[in-house]
Structure formats: C-alpha cells, structure tokens
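Here's a quick briefing on one helix packing and a few salt bridges. Have the model open while you read.

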Amino acid sequence: MDKPIGLRINEVGKLFKKKVKEISIKKGLNSTFFDVIHYLDRSGNKGATQSELCEFLRLKAPTISITIQNMEALGYLKKEKDSFDSRKVAIYMTKQGLEFAKEVKSIFMEVETMLNDALSEEELKYFNNIILKLKNTLEVEK
C-alpha cells in the first residue's frame with residue numbers, strides 16, 4: 001500500500017538531513033554547531049535570539065545555551081545586546097563562523113548534487129512543479 005504524500009515528503013526530508021549530518025560528522029563537524037550556523041546563515045546573519053534557535057532546531061534551552069557557549073569559545077559566534085532593549089541578546093556569526101558557513105553550504109551542495117544526479121532534467125522539472133503545487137496548496141488560507 002502506498003504511503004500518504006505527507007509521510008513520504010517527511011521521510012525524504014529526514015533522509016536528507018541524515019545524509020547531511022553523516023557527511024558533517026565524517027568531516028569532523030559537530031552537527032548541532034552545523035544547525036546553528038545553517039540557521040544564522042539562512043537569515044543573512046541578521047542575528048537570532050536563543051529562543052528563536054530553540055524553536056527552529058526543536059532543542060531545549062539548556063542544550064542551545066551550552067552549544068552557543070561552546071561556539072563562542074571556538075570563535076564562531078558572538079552575542080550583542082539589542083540597542084533598543086538591553087534585555088534582548090542577539091547571536092551573530094563571527095568571521096570564523098562565516099567561514100564555517102561556507103563549509104556548511106558545501107555539504108548541502110554535495111547532498112543536493114546527489115539528489116539532482118538521481119533525476120533526469122525532465123524529472124527534475126516535473127518534481128519541482130509538483131513540489132511547488134503542494135507548497136502552494138498548503139500555504140492557502142481558507
């Protein structure tokens with residue numbers, strides 16, 4: 001029996017993330033560091049709060065707190081107080097963190113290439129159309 005579409009999409013997403021983590025670990029990269037850098041890089045390094053990272057990564061505050069401390073100690077991240085609200089602290093990548101982000105991107109591209117190579121140009125076009133159609137269906141508010 002065929003699995004529901006949502007379940008198949010979820011499976012592929014999990015396998016993608018698993019493959020990215022496998023490659024990261026083989027290259028000696030901490031997978032939680034990888035996730036934090038990926039999130040900050042995707043945001044254009046506009047800064048993120050600890051709670052935003054917790055929500056995005058679905059990790060508990062103590063885990064993120066320790067990760068941030070470790071990444072700060074290694075020079076990947078820095079914290080800055082909000083100029084308008086000193087209670088808020090934003091987390092940014094340093095120059096070293098930006099270099100790490102390049103490595104993160106290269107791993108994503110490695111897995112992307114694996115996926116693209118598995119499909120013909122016509123299949124890829126068809127796949128992209130289907131994914132866009134599914135995305136648009138889910139985004140419509142009723």
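This is a predicted model: local features need pLDDT of at least 70, side-chain atom pairs count only at pLDDT 80 or more; totals for chains, interfaces and linings use all residues.

Gln50, Leu53, Cys54 and Leu57 in helix 3 meet Ala61, Ile64, Ser65 and Ile68 in helix 4, where contact means heavy atoms within 4.5 Å. Those contact residues split into six nonpolar, two polar and no charged.

Residues are numbered from 1 along each chain as its sequence is written, and side-chain values use heavy atoms, with hydrogens and water left out.

**Helix packing**

- Helix 3 covers residues 50–57 and helix 4 covers residues 61–73; helices here are DSSP runs (H or I, at least four residues), numbered from the N terminus.
- The two pack at an angle of about 115°, with their axes 9 Å apart. Axes are lines fitted to C-alpha atoms over the stretch in contact, and angles run from 0 to 180 degrees between N-to-C directions.
- The crossing of helix 3 and helix 4 is right-handed, meaning the near helix is turned clockwise from the far one by less than a right angle.

**Salt bridges**

- The count comes to nine salt bridges, each defined as a side-chain nitrogen of Lys or Arg within 4 Å of a carboxyl oxygen of Asp or Glu.
- In helix 1 (residues 5–26), Glu22 and Lys19 sit three residues apart, about one turn of the helix. Their closest N and O atoms are 3.3 Å apart.
- Helix 5 (residues 95–117) holds Lys102 and Glu99, also three residues apart, about one turn. This salt bridge spans 3.1 Å, N to O.
- Over in helix 6 (residues 121–139), Glu139 and Lys135 are four residues apart, again about one turn. The closest N and O atoms of this salt bridge are 3.1 Å apart.

**How exposed are the partners?**

- The scale runs on relative accessible area: buried is under 20%, exposed over 50%, partly exposed in between (1.4 Å probe, protein chains only).
- Glu22 is partly exposed at 31%, and Lys19 is partly exposed at 31% too.
- Lys102 counts as exposed at 53%, whereas Glu99 is partly exposed at 47%.
- Glu139 comes out partly exposed at 49%, and Lys135 is partly exposed at 44%.

Notes
Ala, Val, Leu, Ile, Met, Phe, Trp, Tyr, Cys and Pro count as nonpolar, Asp, Glu, Lys and Arg as charged, and the others, Gly among them, as polar.
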